[in-house]
Amino acid sequence: QVFFALVVFFTLFAFTGARNSHRNVKDVAVEFVGQDRFFITEKEVNKLLIQNHKSVTDITKDNLDLNNMEFLLSGNKMIKYADVYVTIDGELKAKITQKHPLARLVGNEQFYMDDEGNLMPLSHNYTVRVPLVTGKLTENNQKQLFKLVQKIDTDLFLKENVIGISLKEQEMILSMRSNNLKVKLGNANNLNGKIEKLKVFYQKAIKDNSLGKYSWVNLKYNNQVVCTKK
């Protein structure tokens, strides 16, 4: 009797599973994880999910290729991660983590640099306020720039005050928000030490009400800050 009950149970389970797999997807839900700025829209995500179908409700569950859906979404240049799955009640769900731009490179072509140091295109849906980078990007200074913009993104003082970065052959120059002040940073070596010197300079200049008297601040030299007056 126990054996018979088990056979009936597994038969019903298999039948229910087979019938469920032939049902159409009920709906699709897109969730953007941890962000409120949308470089890619929900409509664009839906289009990647349904591909050649008119709508997601035209697709049966057994025809879903979740791995391929994740592959297509992750291949989008605005998306960092994608997790696609079907809920118990038949809803196709996509959790999207977008890329996080740290700087915008301007010139003949424009790109963002993301938080992994890679370049990503601009979005026609949203423009993010990040430092503007001018000058020629090379394999060498791209690594230096990435180290700098990572620091800017995590430092409140820099985030509030740095509006631009100019790339030269062997150095980077910061454009500050106040008084058109320029800061010669050099390369990204000893970056934390250089930024601390800049903060000390700012504190003293603001206290003395002298910030507007300077046009350049040079942080390239060890243990000193060299300033040029206007």
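In this predicted model, the loop between strand 10 (182–186) and helix 6 (191–207) holds Asn190, a residue that has a positive phi of about 50° although it is not a glycine. Asn190 counts as exposed, because its relative accessibility is 53% and the cut-off for exposed is over 50%.

Beyond helix 6, in the loop that leads from this helix to strand 11 (214–218), lies Asn209. Asn209 is a residue other than glycine, and its phi is likewise positive, near 55°. With a relative accessible area of 68%, Asn209 is exposed.

Helix 6 itself packs with helix 4 (residues 139–154), the angle between the two being about 50° and their axes lying 11 Å apart. The crossing of helix 4 and helix 6 is right-handed. On the side of helix 4, the residues that meet helix 6 are Lys147, Leu148 and Lys151, while helix 6 contributes Leu191, Asn192 and Ile195.

Another part of the structure to follow is a sheet. Strands of a sheet pair through backbone hydrogen bonds, and they may do so in either a parallel or an antiparallel way. Here three strands form an open sheet with mixed pairing, and their order is 1-3-2. Strand 1 (27–32) and strand 2 (79–86) are the edge strands, each of which pairs on one side only. From one strand to the next, the twist averages 15°. Strand 2 and strand 3 (residues 91–98) run antiparallel and are joined by seven bridges, and within this arrangement Ile79 stands opposite Gln98 in strand 3.

Two helices can then be placed against these strands. Helix 2 (residues 42–50) lies across strand 1, strand 2 and strand 3, and its direction makes an angle of about 130° with strand 1. Helix 3 (residues 66–74), for its part, lies across strand 2 and strand 3, running at about 160° to strand 2.

Technical notes: Residues numbered from 1 in each chain as written. Predicted model: local features only at pLDDT ≥ 70, side-chain atom pairs only at ≥ 80, totals over all residues. Heavy atoms only, no water. Pairing = 2+ DSSP bridges. Helix = DSSP H or I, 4+ residues; strand = E, 2+ residues; numbered from the N terminus. Axes fitted to C-alpha atoms, helices over the stretch in contact; angles between N-to-C directions. Contact = heavy atoms within 4.5 Å. Buried < 20%, exposed > 50% of the residue type's maximum accessible area, 1.4 Å probe, protein only. Left-handed = near helix turned anticlockwise from the far one by under 90°.
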